[in-house]
Amino acid sequence: MKFESSPEIKLKNKVEASSIKLLIEQEMEIENIFKNTRRREYVDARRILFYILRNNFLLTYFEIGRISKRDHATIIHAIKDFDYIIKADPILNGVYQKALERAEFITTYSPEARKEEIIKKIEQLNQELLTLSN
């Protein structure tokens, strides 16, 4: 992921955004999320990335626009109906949930909080495994 140099976007956010971008590309099976196309899978992938960057990393529309080389109005438009689209499309919702988990893991700053989060996830998975075994 290439980013324009910008004092508003910290290096840490660039690296974190790149990690989430790669995860979304893998889940959506697309090559480059920022490809200049209006194909649905690309539009939806960008929508997920923009939503997470805005709500989890607290980037401004301008900052997200610089990352994606798009106008801030495009970012606003992509995010506007996100909640409704996610509820209507279970596959897209699955991709969003995986990307969100990754974003939450990245944005958890305290090592203790990360440890607790991982322990909770392990307990949930163990419960699910027990349920499936019965």
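**Briefing: a buried lysine, an aromatic cluster and a pocket**

Lys 21 is buried, with a relative accessible area of 6%. The model described here is predicted. In the whole structure, a search finds three aromatic pairs, and one aromatic cluster is formed by Tyr 51, Phe 82 and Tyr 96.

- Lys 21 belongs to helix α1, which covers residues 11–28.
- Its relative accessible area of 6% counts as buried because the cut-off for that term is under 20%.
- The side chain of Lys 21 is in polar contact with the side chain of Glu 25, at 2.7 Å.

**Aromatic pairs**

- Among the three aromatic pairs found in the whole structure is that of Tyr 51 and Phe 82, whose ring centres are 4.0 Å apart and whose planes meet at 20°, so the pair is stacked.
- Tyr 51 is located in helix α2 (residues 40–55) and Phe 82 in helix α5 (residues 82–88), so this pair ties together parts that are 31 residues apart in sequence.
- Tyr 51 is buried, with a relative accessible area of 15%, and Phe 82 is also buried, with a value of 1%.
- Phe 82 forms an aromatic pair with Tyr 96 as well, and this one is edge-to-face, with 5.0 Å from centre to centre and 70° between the planes.

**A charge over a ring**

- The charged end of Arg 54 sits over the ring of Tyr 61, and its distance from the ring centre is 4.1 Å.

**The second largest pocket**

- The volume of the second largest pocket is about 150 Å³.
- Its lining consists of Val 43, Arg 46, Arg 47, Phe 50, Arg 70, Thr 74, His 77 and Ala 78.
- Two or more lining residues come from each of the elements α2 and α4 (72–80).
- Helix α2 contributes the most to the lining of this pocket, with four residues.
- Sorted by class, the lining of the second largest pocket holds three nonpolar, two polar and three charged residues.

How values were computed. Residues are numbered from 1 along each chain as its sequence is written. This is a predicted model: local features need pLDDT of at least 70, side-chain atom pairs count only at pLDDT 80 or more; totals for chains, interfaces and linings use all residues. Side-chain values use heavy atoms; hydrogens and water are left out. Buried means under 20% relative accessible area, exposed over 50%, partly exposed in between (1.4 Å probe, protein chains only). A polar contact is a pair of N or O atoms within 3.5 Å; within protein, one must be able to donate a hydrogen and the other to accept it, and residues adjacent in sequence count only if both atoms are side-chain atoms. Rings of Phe, Tyr and Trp (its six-membered ring) pair if their centres lie within 6.5 Å; planes under 30 degrees apart count as stacked, over 60 as edge-to-face and the rest as tilted. A charge sits over a ring if NZ of Lys or CZ of Arg is within 6 Å of the ring centre and within 35 degrees of the ring normal. On a 1 Å grid over the protein atoms alone, a cavity is a set of points where a 1.4 Å probe fits but cannot get out, and a pocket is an open set with protein on both sides within 12 Å along at least five of seven lines; lining residues have an atom within 4 Å of a point. Grid points are joined across faces, edges and corners, and a volume is the space filled by probe spheres set on the points. Ala, Val, Leu, Ile, Met, Phe, Trp, Tyr, Cys and Pro count as nonpolar, Asp, Glu, Lys and Arg as charged, and the others, Gly among them, as polar.
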